Amino acid sequence: MASFKSLPGFRDFYPEDLIPRTHLFRQWRRAAHAYGFQEYDAPVLESLDLYKAKSGDEIEGQLFNFTDKGDREVALRPEMTPTVCRMVGAKANALKRPIKWFSIAEFFRYERMQKGRGRCFAQFNADIFGEAGPEAEIELVGLLVQCLRGLGLTAEDFYVRLSDRNLWFYYLGALGLDEIQTKDMLAAIDKFERLGEDAFKIYTDAHGELSDEVRTKVLALLAIKSLADLEALVDGLASEDLTARLTDWRQLLDGLTAMGLADFVSVDLGVVRGLAYYTGFVFEAFDRKGDLRALAGGGRYNDLVGKLGGPDLPAVGFAIGDMTMELLLRQRGLLPEILSQPDVYVVVGGSDERLAAFGDIAELRSFGYRVDYPMKDLGFGKQFKNATESGAKLALIYGSDELAKGVVKLRDLAKREEVEIPRDQVTAAVADFLSG
Ligand code: HAM
């Protein structure tokens with residue numbers, strides 16, 4: 001018999017492998033609730049058309065797609081954004097605005113295998129619909145930072161790079177580039193970090209020579225690291241669009257500063273995002289050391305709901321991936337080893353004592369305490385070893401001597417201290433111990 005393995009780029013999660021992911025999901029859900037976002041879910045399989053020409057060539061080339069038995073062209077979702085736009089678009093008038101939604105789900109992309117990238121991965125997505133101003137970006141960047149801080153990361157571990165496709169459009173327009181030239185230039189800028197000036201080939205192959213003036217001006221905007229520098233650079237161009245846009249930038253940065261997030265963000269026009277639908281501010285989170293690929297990415301996409309058949313609805317959102325996040329937490333020693341250790345480990349003399357303990361075990365569990373016990377007869381030594389390894393704080397000992405006296409021993413596993421308690425006071429004693 002051939003032995004089967006999971007497919008390349010797909011992961012099995014044995015219980016210990018699932019601990020980091022469950023930890024991420026819990027913290028992300030907690031952060032989303034703190035920010036007033038509501039959770040939604042959606043199918044993993046969608047019509048292929050949902051992604052064609054909407055997500056962009058890169059993702060389209062990575063789709064897991066096939067024809068189903070009803071002759072429908074379908075694809076496993078590579079991202080949530082088209083789906084959430086489809087859902088919000090269908091009920092836009094009935095939904096109270098601003099619509100603040102989040103989800104935690106799995107996605108599929110046929111990617112080249114590399115560190116931090118897989119073919120099936122999880123994302124936390126958060127999006128706001130119905131808010132056109134930078135208030136939505138402030139709320140989302142705040143949530144993104146909270147999602148990472150909640151995991152124990154600090155401004156020394158990660159930062160969010162803030163950029164703006166509108167600003168690039170106005171800037172390149174002021175330099176004389178038309179819309180197609182601008183799009184090709186943004187594709188070049190997207191690759192600039194990896195390829196350096198060779199990235200401009202994407203532009204020159206399509207449009208011939210790149211003038212020294214444009215090259216210099218593009219490099220100047222790429223080098224900007226603060227709003228003050230940005231204002232100085234844009235000042236010389238006398239473009240009303242650019243000047244108006246800087247007001248949005250000021251509002252965004254003032255809001256983030258007032259939220260106490262200034263240390264977590266930086267102005268960095270090198271981020272333009274590969275996905276086709278972004279229309280305004282875009283942002284990506286990275287680890288400070290730069291060892292890992294992007295932790296999260298997002299931006300504004302004001303046209304997508306309309307393009308997918310819904311009404312015109314401004315939208316902005318982001319997604320955090322689980323794989324780079326887990327790598328970063330591992331590097332920083334921030335992953336828990338155990339997530340749901342028992343509160344109580346019950347140690348029994350034998351099968352009669354186990355039977356005698358069942359009533360108390362059931363009662364403790366019905367109150368929500370996590371209780372474990374050995375299903376087979378084991379010596380006391382082995383049971384105490386198991387109790388300690390399980391991470392339980394206390395053991396309840398049901399030996400034949402104790403039961404004959406109508407008591408149970410309660411052992412503090414950390415302090416190695418024991419007290420006897422009457423049988424009818426077990427639940428109260430456990431509650432007392434665990435709350436103390
Ligand atoms: P994205 O930049 O394609 O954006 O993905 C967001 C994050 O998902 C990445 O930063 C990365 O952490 C993770 N990710 C992406 N691809 C993979 C992969 N193959 N393996 C592991 N992790 C991966 C989006 O998906 C947008 N839809 C986000 C968004 C939401 N924009 C607006 N709303």
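Colleague: Which strand is joined to β10 by five bridges, and in which direction do the two run?

Modeller: Two strands pair if DSSP finds at least two bridges between them, and strands here are DSSP runs (E, at least two residues), just as helices are runs of H or I with at least four residues, numbered from the N terminus. In this predicted model, β10 is joined by five bridges to strand β11 (residues 315–321), and they run antiparallel; within β11, Ala-319 is the bridge partner of Gly-297. Residues are numbered from 1 along each chain as its sequence is written, local features need pLDDT of at least 70, side-chain atom pairs count only at pLDDT 80 or more, totals for chains, interfaces and linings use all residues, and side-chain values use heavy atoms, with hydrogens and water left out.

Colleague: What joins strand β9 to β10?

Modeller: Four bridges join strand β9 (residues 281–287) to β10, again in an antiparallel arrangement, and Ala-285 stands opposite Ala-296 of β10.

Colleague: Are the residues of strand β10 buried or exposed?

Modeller: Buried means under 20% relative accessible area, exposed over 50%, and partly exposed in between (1.4 Å probe, protein chains only). Five of the five residues of β10 (residues 296–300) are buried, so this strand is largely enclosed by the rest of the structure.

Colleague: How do helix α5 and helix α6 cross?

Modeller: Two packed helices are described by the angle between their axes and the distance between the axes. The axes of α5 (residues 165–174) and α6 (residues 179–195) come within 10 Å and cross at roughly 125 degrees, where axes are lines fitted to C-alpha atoms, for helices over the stretch in contact (heavy atoms within 4.5 Å), and angles run from 0 to 180 degrees between N-to-C directions.
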